[in-house]
Each structure stands twice: as structure tokens, then as C-alpha cells.
Amino acid sequence: MAWSASQYAKFEDERTRPARDLLAQVPLQSLRRAVDLGCGPGNSTELIIERYGAAGVSGLDSDINMLEAARKRLPGTAFVEADLGSWQPTEPADLLFANAVFQWLPDHLEIFERLMDGLSEGGVLAVQMPDNLGEPSHLAMEETAHAGPWKAAFEAKSVRRRPLPAPSAYYDRLIAKASRVDIWHTIYNHPMADAAAIVEWVKGTGLMPYLARAGEEHREAFLADYLARVEQAHPKLSDGRVLLRFPRLFIVAVKK
């Protein structure tokens, strides 16, 4: 599945806010080496550089389109193509930072354990993941998937990503290698111009696998069905806009 940096950037301010909130809780005054895991178009990498300086900061992603956008944005920073399912730093890192990427990897608990081994003493694994599968925006994806002439494509195998484990599962996996594990949820309520804007938002992320499975011949009809459901679930506010409710899970683990 190919990602679109331009689609992602349509709501860059909203997508960058959780990365900024996560970075604010990283208890490092300085660092020698930081890696932005799943760096996307470089918006989160830029935050790390703004706080700590460019020296020793790099990014990685598995998507070429995202990497091209990141290299254009930050031409002096190293961005490499890599699979987070198997990647491990070649040298100990002070910060491994991941903004909205590991929700796509079902085995990320095991990956987090491995990444802790790639940190220097006192180094930090900082992770943020959407925890929004129970929100109307995502429930409507499932409803639409099983409601139209494309539904046969979804019967054999679901494209719905797995729900995140409980916070206790993350704590139990990380605490053996950490001196401190902080876990919290933040619920963002993003004012959006209208329901169509919500559709544009998720077209760059959660809706992509559904559209790919439905096929190009059903794309417009699928989007129309989905938009109608999103409109029904998001009533207009006094100024005509709608609120997109967006829960996210945050984890900051400091290595022993």
C-alpha cells in the first residue's frame, strides 16, 4: 500500500500536534543520536531537530513517497528506507521516536522490546499511536465495507487493523528494561470544516486499505457511502463545522 505525502500534508498541523505533545514529555536535555521511526514527510523529524539540533538526528520510513518529501523538507538530514518490523539501530540511540506508525504493525509489543535493546543507558523510546477504532470515523469504514457491491472483497479477510493492547500490556513488556514507563491517553477534538474534510483526513491514513480493497471501479461509490455515514455521525456545530474526536495512546519508556 503506497502512502501519499501530499494527502498526509493536508492536515499537517493536526497530525503534528501529537508529535509535539509526545516530544514535550521526553526527559532528555541533550542527545547524540536520535532516530525518527516512520518519519513520514519529516514533520516530526523537524520537531526533534528544533529541540536538539540537527547533529545525530535521522529518520526512516518504508515508503519512498514519504522519504522523498522528508528529504526535500530537510535536505541536510539523513533519511533511509527501512522496515520497522526488522530494523534495529547499528549504534545505541538516545532517542527512538515514533509518531503514528506502530499501530500498523500487529507485533509491535515484540518490536518495542527489541528497540529497548537499541537504546543507550537512560535513552528513551517515545511512541504515539492512534487509538480510534471505536470512533464513528472508523466504525463507518466497516459499515461501508459490508454495505455495497464491493462487500464480497471484504468477506474473506478484514482490512481493519487490530485494536491496541491495554496499557498494562505495554507496561509489563517494557518495565523489565526500563527505569520508568509513562503511558497516557489524550483525546483530541479537531474542528473540521465539514464531514467531507474528515473523509479527506482519513483518505491519507485509515481509509486507504479499504479503498484499495474495494478497487478503483468502486472508489467513488465507496467514498459517497462513507461520507453519508460520517455526515450522520458528526452533527454540525454552531458555526457549521464538525468535531473529529481522535483518541491517541502515548508511551515514554526510559531505559535502565
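Some ground rules. Residues are numbered from 1 along each chain as its sequence is written, and side-chain values use heavy atoms, with hydrogens and water left out. Because the model is predicted, local features need pLDDT of at least 70 and side-chain atom pairs count only at pLDDT 80 or more, while totals for chains, interfaces and linings use all residues.

Start with the sheet. Seven strands form an open sheet, and the pairing is mixed. The order is β3-β2-β1-β4-β5-β7-β6. Strands here are DSSP runs of E, at least two residues, and helices are runs of H or I, at least four residues; both are numbered from the N terminus. Two strands pair if DSSP finds at least two bridges between them. At the edges sit β3, residues 78–81, and β6, residues 178–192; each pairs on one side only. From one strand to the next, the twist averages 15°.

In general, strands of a sheet pair through backbone hydrogen bonds, either parallel or antiparallel. We have examples of each. β1 and β2 run parallel, joined over four bridges. One of these pairs V35 with S58 in β2. β5, residues 119–130, and β7, residues 242–255, run antiparallel, with seven bridges. There, P130 has R248 of β7 as its bridge partner.

How enclosed is β2? Four of its five residues, 57–61, are buried, so β2 is largely enclosed by the rest of the structure. Buried means under 20% relative accessible area, exposed means over 50%, and partly exposed is in between, using a 1.4 Å probe and protein chains only.

Now T77. T77 sits in the loop between α4, residues 64–73, and β3. T77 is buried, because its relative accessibility is 11%. Leaving out residues up to four places away in sequence, T77 touches T45, I49, V57 and S58. Contact means heavy atoms within 4.5 Å.

On to the helices. Helix α8, residues 167–174, lies across β5, β6 and β7. α8 runs at about 150° to β6. Helix α9, residues 195–203, packs on the sheet and touches β6 and β7. The direction of α9 makes about 35° with that of β7. For these angles, axes are lines fitted to C-alpha atoms, for helices over the stretch in contact, and values run from 0 to 180 degrees between N-to-C directions.

Which residues of α5 are buried? In this helix, residues 108–116, they are H108, L109, I111, F112, L115 and M116. Seen down the axis, they fall within an arc of 160°, so they line one face of α5. That arc is taken from the directions from the helix axis to the C-beta atoms. The cover over these buried residues includes β1, β4, β5, α8, β6 and β7.

Next, the cores. A nonpolar core is a set of buried Ala, Val, Leu, Ile, Met, Phe, Trp, Tyr and Cys residues joined through side-chain atoms within 4.5 Å. The largest has 50 residues, and L95, L207 and F222 touch the most other members. Setting aside neighbours within four places in sequence, the contacts of L95 include L23, V26, L28, L31, Y52, L119 and V124. Apart from that core lies another, of 29 residues, including I111, A178, V181 and L249.

A few single residues to look up. A100 lies in the loop between β4 and α5. Its phi is near 60°, a positive value in a residue other than glycine. Most residues other than glycine have a negative phi. A100 is partly exposed, at 26% relative accessible area.

T186 is in β6, and is partly exposed at 24%. T186 touches F246, P247, R248 and F250, not counting residues up to four places away in sequence. T186 and F246 are 60 residues apart along the chain, with their C-alpha atoms separated by 8.3 Å.

A214 is in helix α10, residues 208–214. Buried or exposed? A214 is buried, with a relative accessible area of 5%. W150, F154 and F222 touch A214, not counting residues up to four places away in sequence.

Last, the record. An unreviewed UniProt entry annotates residues 35–123 as "domain: Methyltransferase". UniProt positions are given in the numbering used here, feature names are shortened, and annotations may be inferred rather than shown by experiment. In the model, that span is 33% helix and 27% strand, and its end C-alpha atoms lie 12 Å apart.
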